[in-house]
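Hello,

Here is the structure I promised to pass on. Please have a look before our next call.

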Amino acid sequence: MEPESRVVTADAIAGALAAVRQPADAICDRWTLEIILHLLPEARRFSDLVRLSGMASRLVASRLVLLQTIGVVDRRPYSDTPLRHVYFLTSMGLDLRAVLGRMIQWERRWRPDTVQSTAEIAGLKLDDLPASSDCAFCLEPVTARNVTLRMEPTLLQSPLDKQTIRRRTTVPAATSVEDGNPISQSLTIFGDKWGIEILICAFFGIRRFNDFRSAMGISANILSDRLGRLSNLGILAGARPGSHFQGYWLTEKGVDLYPVTVAVQTWADRWLVGRIRSPVRLIHRPCGREIALRSGNEDSV
Ligand SMILES: [Zn+2]
């Protein structure tokens, strides 16, 4: 990505990160994503969610409360004595198919051997999930390489420092690449809010450790840990081929995550109240319009 006219300022990056922090606080948590994944095919009982996810009941319970508070999940009774509920995705939750569908599509491209079978185990019909990375207007692919940034200076005056930002810093260790889950690598990347922030910074051209650190306001040890995880997954590389400059470069696999980050922001723009708008508009260079991903089959829900 490169700016249309002016240089990307620190304020613009801060604004873009503030805009992504809202959805990240809502859904970028590995347990939350795991529950949403298991609710995609159908309504589930609490005990089914515990069994399918392999998570502790306490974790399932706490994330279900959180998801109901946000409005992503609702429940209805299936038994009166004793009172028991099934949990299901609301319209807001079903719209996350656009996000998880693109995560699964990305995993299918980069580890095709395991995704198909793990998705079947999870009861997911892969072809029913929205997976398009094409522009809704010109139908050309949207990639980090054919996107231009357009600044909206008026939005830079947003009171960024007045937000209440919940930062999750305790997350489990990186998931094994071979995990039996169709989004296991995505869970490592988007399993806490820092992953998507690092990706946004990298899409903006940030390469140096200290530049990531000051843009995100993250401690050195957490940043080091997350950069290591992304490097282990082959999303970041330590140096540009043929260059002596050391830094963190997005690999092709990393650039390919761009549509996932677009889907997260599209979902947030549609559903989150009091949305902090990014001062940066993403413009698709082939058609010159603000990016919208082709919805494909997600409208049929
Ligand atoms: Zn386009």
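My notes on one helix, the aromatic rings and the cysteines follow.

The model is predicted, so local features need pLDDT of at least 70 and side-chain atom pairs count only at pLDDT 80 or more, while totals for chains, interfaces and linings use all residues. Numbering runs from 1 along each chain as its sequence is written, and side-chain values use heavy atoms, without hydrogens or water.

Ten of its 14 residues are buried (under 20% relative accessible area; exposed is over 50%, partly exposed in between; 1.4 Å probe, protein chains only), so α6 is largely enclosed by the rest of the structure. W106 and E107 are among the buried residues. The buried residues of α6 pack against α2, α5, α7, α8, α12 and α13 (contact: heavy atoms within 4.5 Å).

Next, the rings. The whole structure has two aromatic pairs (Phe, Tyr or six-membered Trp ring centres within 6.5 Å; planes under 30 degrees apart are stacked, over 60 edge-to-face, the rest tilted). F203 is buried at 4%. Y258 is buried at 2%. F212 and Y248 are also edge-to-face, at 6.3 Å and 80°.

Last, the cysteines. There are zero disulfides (cysteine sulfur pairs within 2.5 Å). C201 is buried at 0% relative accessibility; C138 is partly exposed at 25%.

Best wishes

Key:
Helices (H or I, at least four residues) and strands (E, at least two) are DSSP runs, numbered from the N terminus.
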